[in-house]
Structures are given as C-alpha cells and as structure tokens.
2 protein chains.
Amino acid sequence: MSFREDGEAALDWAARYLETVRERPVLAQIEPGELRSRLPDTAPDEPEPFAALLRDLDDVLMPALTHWQSPRFFAYFANTGSEPGILAELLAATLNQVGILWRTSPALQELEEVTLAWLAELLGLPAGWHGHIDDTASTATLSALAAARARTPDRRVVVCSEHSHSSVAKAARLLELELRPVPGDERHALRPDLLDLDGACAAVATIGTTSSTAIDPVHAVADACEAAGVWLHVDAAYAGSAAVCPELRPLFAGWERGDSVVVNPHKWLLVPMDCSTLWTRRPDDFRRAFSLVPEYLRNDAETANLSELAIPLGRRFRALKLWAVLRCYGRSGLQEMIRESIRLAALFEEWVEAEPGWEVVAPRPFSLVCFRHDGTDDENEEIMRRVNTSGEAFLSHTKLDGRLVLRLAVGNARTTEDDIRATWDALRREAARR
Amino acid sequence: MSFREDGEAALDWAARYLETVRERPVLAQIEPGELRSRLPDTAPDEPEPFAALLRDLDDVLMPALTHWQSPRFFAYFANTGSEPGILAELLAATLNQVGILWRTSPALQELEEVTLAWLAELLGLPAGWHGHIDDTASTATLSALAAARARTPDRRVVVCSEHSHSSVAKAARLLELELRPVPGDERHALRPDLLDLDGACAAVATIGTTSSTAIDPVHAVADACEAAGVWLHVDAAYAGSAAVCPELRPLFAGWERGDSVVVNPHKWLLVPMDCSTLWTRRPDDFRRAFSLVPEYLRNDAETANLSELAIPLGRRFRALKLWAVLRCYGRSGLQEMIRESIRLAALFEEWVEAEPGWEVVAPRPFSLVCFRHDGTDDENEEIMRRVNTSGEAFLSHTKLDGRLVLRLAVGNARTTEDDIRATWDALRREAARR
C-alpha cells in the first residue's frame, strides 16, 4: 500500500464529506441491525486495498451515520470537529505517541500541560492549577470524585443537584458513595438552602446542566464546602468553553473556588472527539487516588507523570489537536464562534416566544433553547420524531417539571441563520400537521 | 483556512515523518521543562495558519518526541501505528461521531460490535461474546473488576499473580477491593497451588505479563474460579494479538473460560493508540455496574447502548481504525507481522545465549527477550542508559528475582534484522566500554 496515494484518497474523501454533510439527512436512516447484516461475518483472509474501505464508507456505512458535523445537528450538545482539529488527529496518529511516563513522550506531557495552562487563561480560570486531558467528562468526574474520596476516606456521600449529569451518579456507584441529590429551584438550579454536606466527601456544582443549561449557585455551594472541608467539583463540561468571552464570565462566578473543574473542548470548542479537560488545585489528591509505579516503569524522578493522575496508564497525544485549535482560531476566533452560537440560539428563542401556541420553558444563558408546543407530551414527542425522521434537522428532548420539553442546542460552527430558520419552519409544519 | 491545502501539507508531513523516523534518535533528547520553556505562555489572540503548526512540529516539538514509530523502539511493548490505521483516524475525526446511544451513531456501535466479533474469530475466542473497545487495558480491567464486584458485592478480594500488571492494583484501589497477590514460580507464572479464592469476587490470569511475558496457568485458575463461582479476567493485553497465529494458540489454552478477556490491538496489532478490546460472556454484569439512562437520553429500546457497558458516556469512532487494519492486512498480513516479530526476538535471544558474559534470564514465549550482562544491576542499567541516550535504540528494564534485567521488546512492524543486529552491537559495545 502507498501511504501517499491512499492518503490523497482519504483526504479527498474527508474534504468531500465536509463539503456535502449539509445535504445529508442528519439522523441515521436505518434500523438496528441493518448495518451489521450488510457486513461480512469475518475479517478477510487476504489484504484488501484501502480504496475498498473508502468505497464501503460511502456504500455501506453512510446511511448508518448520524451526522454530528451537520449544521442542522441540534440534539444533546451540538459540537464541531474543526479542520485544524481533524488534521491534528492525522498527525497524532502518525506520531503514535504513548504517554505513560514523561520520557515516553515529553512532547505529549509538556504540550498537554502547556495547552491546559493556555486554556485556563483563555477561560479565566486561576493560574497554577494542574491541568490534564481525559477522554470524557464522565472519566474526569469519576477521577475528581475518586480524588475527593482519597482525601477524606471516611466520608461517603456525594452531594449534587437533582439536575446533575448522570455521570455523577455513575461515578458514585463505581466509588460506592451515596448520592444525595438536592432539589432544584424554578430555574432548575441547585437550592443552596437545602444543601446538606453532612458526611460528604464532595459536592458537584454544574454550570450549564445537560437538561436545560441551568447554573448552580457556585459561590453558595463553595461557601458551604469551605466551611465543611468538602471537595467542590465544578462540572462545566458543555458551558465552560463560553468563558472565553469576557462578557459571559459572570455566569461562571465562583468556579475559581472549585477543587476541580471540568470543561469539554470536544463539545463547544471545535476540538474533535475526544478531549475533556480537567484542572485541579489538588494534584496530590489525584496522585493519592491513582499513583502506582511498578518496577518496569521506575525511572529517575525527572518529573511527575500524567498517568499518576488518571485511570489509564497510557494516553494518546490529544494535546496536539487542542494546540492546533487554540492556535488556528486564536482567542478571537473562539470568541466569535461562541458568540455566533449564542446569537443563533437567542434568535430561535425570540421566534418561539413570539409564536402563539409555543413557549420557551427555561432560561437560556448559553446556546440551548428548551421549548414546547401547547399540547401533550406525546404530541410534542411526535413533532420532534417527525422532524428527526425527515432528516432535515436533529433535536432531542428532556423532562422539566414533569413535562416533556424539546431542546435545540446550537453548537456546530457551520450552523447559519438559514439552518435555524429551516428547522423552525419544519417544527411549525409538523405541529400544524397534527 | 483551506482544508484541502492544509490537508496536503499535513499529509506530506506525515509521509515524510514515516519515511525518516528510522533516522531519528529513538529516545527524546531533551531535559524536563525544556519544551515548555520554548512555548509561549498563552494562546495567540489572533488565528495562525496551520502551516505555523507544522513548522513548530519540526522546529520545537521534534526533539521532545520519543519515536514509538521507530523500528529501533524496543522498550515497554513496541507497537505500530500502521498506515491504514493512521488514515482511518483522519476519517474518524472527520466524521466526529459520538457514540452515546445507538442512534447517535449506529455505524459506530454496529461496526464496533462487528469488528470485535471479527477479531474474536481471528484470535480463536468463543463466538457470541459481547465485545467493545476501551481506551486502554487499564480501563478495561477496571471495568471488568467493577462488573465482577457488581456480580458478587459481598466479596471484596481480587486475586492475581505478583507479576500482574499494575493496572490490577490500581483498579482494586479505586474499587476498594483487597489485592491478594499470589507468588510466581521460577518462570514467573502464578502458582496455582498457592491460589486462595476465599472471599474473592475476581481472579486475574495474565497471558504475557508485562515484566517478562510469563503465562499464568489459565486452566488451573479457571478450575478454581469455576469451583468457587469467581469471575475470571484474562489479561492478554500484549500477547493476545499473537493468537491470530494458529501455531501459537496453545499458549492461550484456557482463555476461552474467562468471564472477560482484554487484548490491546494498539500494542501488537498495528492499530494506532488507543484501542483496547474487551470481550465478556457476561454483558449483564457490566450493565449492572454501569447502566444508567437519564431522561435526556431515554429512547425507544431499540438496542443496547455501548455506554451502558463502560465508564465514558460518549465514545469516539475507534472501530473505524480497527476495521481498516483488519481489512488492509487481512488474516495473512497480521499473521506475517506477528511471526516476523517473534522470529526477530528469537534471533536476538540466540545471539545473547551464544555470547559469553550475557544471559537470557526468562523464557521467551512471544517477542520479548529478558536478558542481562554479567555484573551488577548498576552496570546493566548503565549499559542500557548509554544505548538509550545514544539514540540508536530504546530499551527498558524490569526486575526479576531481585535482579535488574534488560528487556528487548520486538513489535514495531518496520523493524528489520539489521535493526536487531545494530542494537545488539550497541549493547555489546557499551558493555565492553565499562
């Protein structure tokens, strides 16, 4: 095989995909098992050309893809695999670094630490915290709670809002900690008056919950945590990237008091999956939870190793794509992208508010609009289902105050006002069809 | 920025890197902090061209890279980021799939399940097990032990060999399970006569330990596990790929009796970091440990979701590179690569055995040779240090029976007999210089 020739073909395929993704149905148009039934039962005995793979990408895999890169992807939290990020992944795979110890890839470790310091500065987080990259916020939150448990092993409770991400419950289950959810207020933010930290090793405050992007009162939670000596983990997985805009910083008030903070640049900061960034003022507690150096890894104590702060022993060179994105967009480019997402979400919110029979059902601090049509939950779900199966756009739902609510999450950098308009038209069309 | 133009430049950079990696010093030639000091303190305010990144890769990052792709990388376990795997990573980043639920990427989920079934067949593992991909074996082992704990929550002991990988101890610490190491025999394999499963939720048997690629007696451990109703986790992270060769299958006798088996295609099966494959006959126990579906992810029960079997909620499209490698090499190509690694290791072993003043100090079932020169530990470490700092080759060490031992791990697909010969020459030269 020729790397250059196959590479040209792969690059051309990638370029064409990005050029045409707008035209594809956003949500995969197949039934469970359909792709599986179209693939052979076993690997081939003899080598196949790379071109065969590219052909099957078009002919076999394409209908089974949900197009996260589509400008009309509005489900969950929309993201963007940006061009510099994509090409950096090509380079990272080429270099195939394995970060175990510092010396197994000084570039990986130092670039990871440097880009995390850059990102902390961009977001207005305190200088001097230690930052590292995990695959996802689920892993980062699990790690932070493990560090919290290691700090105060006799306390076995994690306190969070009832609207916290499911990864908090998942981590608590794995760590065998009791989960103590605090009710939310009418804005779905944690009610500090109901906060009970008795026996708690950690509390989780969320800035931008997954359901409705609610903002917990971080200062109030931090006050309580400080008084009780409890670890404060701040989950800003989605919203954190928005702190690159100074005018949005007030929404993040108090996060600088966290013991750990997680932000996902693979959500709203143009970095392809996967890249979840975690900062902590207490790396020693992470080390207490995770450090363990066997003889075959013993080494002159040249520097701390990232593997001593995390679950995996080896890590890939994710910092390269973060570096690429931060440099190729710059502070101004990142701010521009965030502001445009928010502008488009605000526009959609206005349209919904102005339209009889529709309502916005939660505050919109960032780029997610929670809304619904007058009618039952089933009717709302049916409107969403029809839009999604039409392929014109892809939205998801949640439940707030017992009611089913539609979510339009703006976050793909290719989304334009026309995309928002067309999606709104499709929603109204399907509502009228009932 | 132009994706096609920047892509051409990135591809050319990648091709040149692979063409010239043989000429570079294998181990990074810098001091801790040196790279950091050469990078700016903050991200740029304005966008930079992608070309600036490529320039800095050459000028700033290159000396800080340890070249895992070098044919003279023999440390830890040598690996290969193969060309089809590298290009598949470009495509995966382009598609930017996020596997949360089946419908967020049917292609990701079904291709992951299909390629894992292909790989199970290639390796001679039982049909019908459920397979999924984790980032590393550390995570896979943690998941398996969490599933074992969920199955028998009242038992709190993990039994393994004293030569088991450090990730077993790390997982036990996180899961708050007691670690009960069993002494190894003169071949560094677990001694089944000393196996005590009282109170154990899991036992770990390793096929190819990290220190010396020792093989635990899996059948004997499986017998004991079956009698006591204890979960058997088989760690074949490095060696498992070798089972693609039928003549090596006897070394894996008994692994088909495991409750879970982990193999790392990113080690010895040409897949770039990161790709660790785990199969289990008990997906329901994984679900018991990890499944948790909040409302915003609720969905028609169309199919099981991979996120219910693992720590992260979202996963990237790693199956694509595994698919690319299995197809572009085929069974025959994978067998050829494994056999060549083993042939070269056997050759080196012969040379060491034939040379006065040197000895092979452990059996060599696969492609790792454990050896030492007559003399003290310090003298051996000094020989290794000199070879490593010369840049000609990179080896690592371990301790066996209280003595420091050098390890030559063959596993890079570009390694030739000349590379082995040159490394052996360098070792003898440095030994003679003392």
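How many helices and strands does chain A have? Chain A has 13 helices and 11 strands. Both are DSSP runs numbered from the N terminus: helices are H or I with at least four residues, strands are E with at least two.

Before you click further, note that this is a predicted model, in which local features need pLDDT of at least 70, side-chain atom pairs count only at pLDDT 80 or more, and totals for chains, interfaces and linings use all residues. Residues are numbered from 1 along each chain as its sequence is written, chains are lettered from A in the order in which they are written, and side-chain values use heavy atoms, with hydrogens and water left out.

**Stop 1: chain A as a whole**

Select chain A. Its radius of gyration is 23 Å, close to the 22 Å from the globule rule for 434 residues, so chain A is as compact as a globular protein of that length. The radius is taken over C-alpha atoms, and the rule is 2.2 Å times the number of residues to the power 0.38. Show the C-alpha trace: along its principal axes it spans about 60 × 60 × 45 Å.

Of the 434 residues, 67% count as buried. Buried means under 20% relative accessible area, exposed over 50%, and partly exposed in between (1.4 Å probe, protein chains only). Now think about contacts (heavy atoms within 4.5 Å). Among those in chain A with a separation of 6 or more, 73% come from residues 24 or more positions apart.

**Stop 2: B:Gln97**

Select B:Gln97. You are in the loop between helix H4 (83-95) and helix H5 (106-123) of chain B. Is B:Gln97 buried or exposed? B:Gln97 is buried, at 1% relative accessible area.

Show its side chain. A polar atom there lies 2.8 Å from the backbone oxygen of A:Thr66. The side chain also makes a polar contact with the side chain of B:Ser105, at 2.6 Å. A polar contact is a pair of N or O atoms within 3.5 Å; within protein, one must be able to donate a hydrogen and the other to accept it, and residues adjacent in sequence count only if both atoms are side-chain atoms.

Leaving out residues up to four places away in sequence, B:Gln97 touches several others, including A:Leu65, A:Trp68, A:Met273, B:Arg315 and B:Phe317.

**Stop 3: B:Arg339**

Move to helix H11 (residues 319-354) of chain B, where B:Arg339 sits. B:Arg339 is partly exposed, at 36% relative accessibility. Beyond four places away in sequence, B:Arg339 touches B:Cys245, B:Pro246 and B:Glu247. Finally, select B:Ala242: B:Arg339 is 97 residues away in sequence, yet 8.3 Å away C-alpha to C-alpha.
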